[in-house]
Amino acid sequence: MVILYEDPATRQRAMSVCDHLVRQFLSEVEFKFHWWRVDFLEDPAMAAAAAQDAIHADFVVVSCAPGSELTPAVRQWFEQWAAQRAGREGALVDLTEPGADLARRADHLNFYLRAIA
């Protein structure tokens, strides 16, 4: 499982979800977590390591702040590893908490993640 997060608050949200999964399925599933802060993906070496994790992950979890936008480098990172999965099934989970104004405007991050999925 690869978890992408932006900051301490979004990391905590993802940790809560992961803790819940572990409690629910520990006796049935072996979990291996790879934690990557989104800004780490701006570095080519770190992005390459994170991409290898994502290529082989059963789940990629994204936890961002409301209204977040991905940089061009991070968008490129998503597109590169997604293309290399070679039809391997998995799930892309968006834990981004919607902001109050999202009812009035499109959430670009959510639309982007849906397209990648």
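Helices (H or I, at least four residues) and strands (E, at least two) are taken as DSSP runs and are numbered from the N terminus. The structure is a predicted model, in which local features need pLDDT of at least 70 and side-chain atom pairs count only at pLDDT 80 or more, while totals for chains, interfaces and linings use all residues. Residues are numbered from 1 along each chain as its sequence is written, and side-chain values use heavy atoms, with hydrogens and water left out.

The mean pLDDT (the predictor's confidence in each residue, from 0 to 100) of the protein is 87, and 91% of its residues reach 70 or more. Among the elements, strand β2 (residues 34–37) has the highest mean pLDDT, 98, whereas helix α4 (residues 108–116) has the lowest, 76.

Helix α1 comprises the 18 residues 8–25 and should span 26 Å at 1.5 Å a residue; its end C-alpha atoms lie 25 Å apart, in agreement with that value. The expected span is 1.5 Å times one less than the number of residues in the helix. T10, A14 and C18 are the buried residues of α1; they cover an arc of only 65° around the axis, which puts them on the same side of α1. Buried denotes under 20% relative accessible area, exposed over 50%, and partly exposed the range in between (1.4 Å probe, protein chains only); the arc is that of the directions from the helix axis to the C-beta atoms. An α-helix has 3.6 residues a turn, so residues three or four places apart point the same way. The cover over the buried residues of α1 includes β1 (2–5), β2 and β3 (59–63), where contact means heavy atoms within 4.5 Å. The face turned away from this buried side carries the exposed residues P8, A9 and R23. For R23, the relative accessible area is 62%, and its C-alpha atom is separated by 18 Å from that of V2, 21 residues apart along the chain. At the start of α1, a side-chain oxygen of D7 comes to within 3.1 Å of the backbone nitrogen of A9. A polar contact is a pair of N or O atoms within 3.5 Å; within protein, one must be able to donate a hydrogen and the other to accept it, and residues adjacent in sequence count only if both atoms are side-chain atoms.

Residue S63 of strand β3 is buried, with a relative accessible area of 0%. Its side chain reaches the backbone oxygen of T10 at 2.7 Å. Not counting residues up to four places away in sequence, S63 touches L4, Y5, E6, T10, R13, A14, L95 and T96.

The structure holds 0 disulfides, a disulfide being a pair of cysteine sulfur atoms within 2.5 Å. C18 is accordingly in no disulfide, the nearest cysteine sulfur being that of C64, 14 Å away. For C64, the closest cysteine sulfur is in C18, and this distance is too far for a bond. Both cysteines count as buried, C18 at 4% relative accessibility and C64 at 2%.

The loop between α3 (72–83) and β4 (91–94) contains A86, and R85 also has its place there. The phi angle of A86 is near 50°, a positive value in a residue other than glycine; at 74% relative accessibility, A86 counts as exposed. R85, by contrast, is buried, with a relative accessible area of 11%. The side chain of R85 reaches the backbone oxygen of A54 at 2.7 Å. Contacts of R85, not counting residues up to four places away in sequence, are with A54, I55, H56, A57 and G90. The C-alpha atoms of R85 and I55 are separated by 5.3 Å, although these residues are 30 apart along the chain. In helix α2 (residues 44–56), Q52 counts as partly exposed at 41% relative accessibility; Q52 and W35 are 17 residues apart in sequence and 13 Å apart in space, C-alpha to C-alpha.

In helix α4, the buried residues are L109, Y112, L113 and I116. Viewed down the axis of α4, these residues fall within an arc of 95°, so they line one face of the helix. They pack against β3, α3 and β4, whereas F111, R114 and A115 are exposed on the other side of α4.
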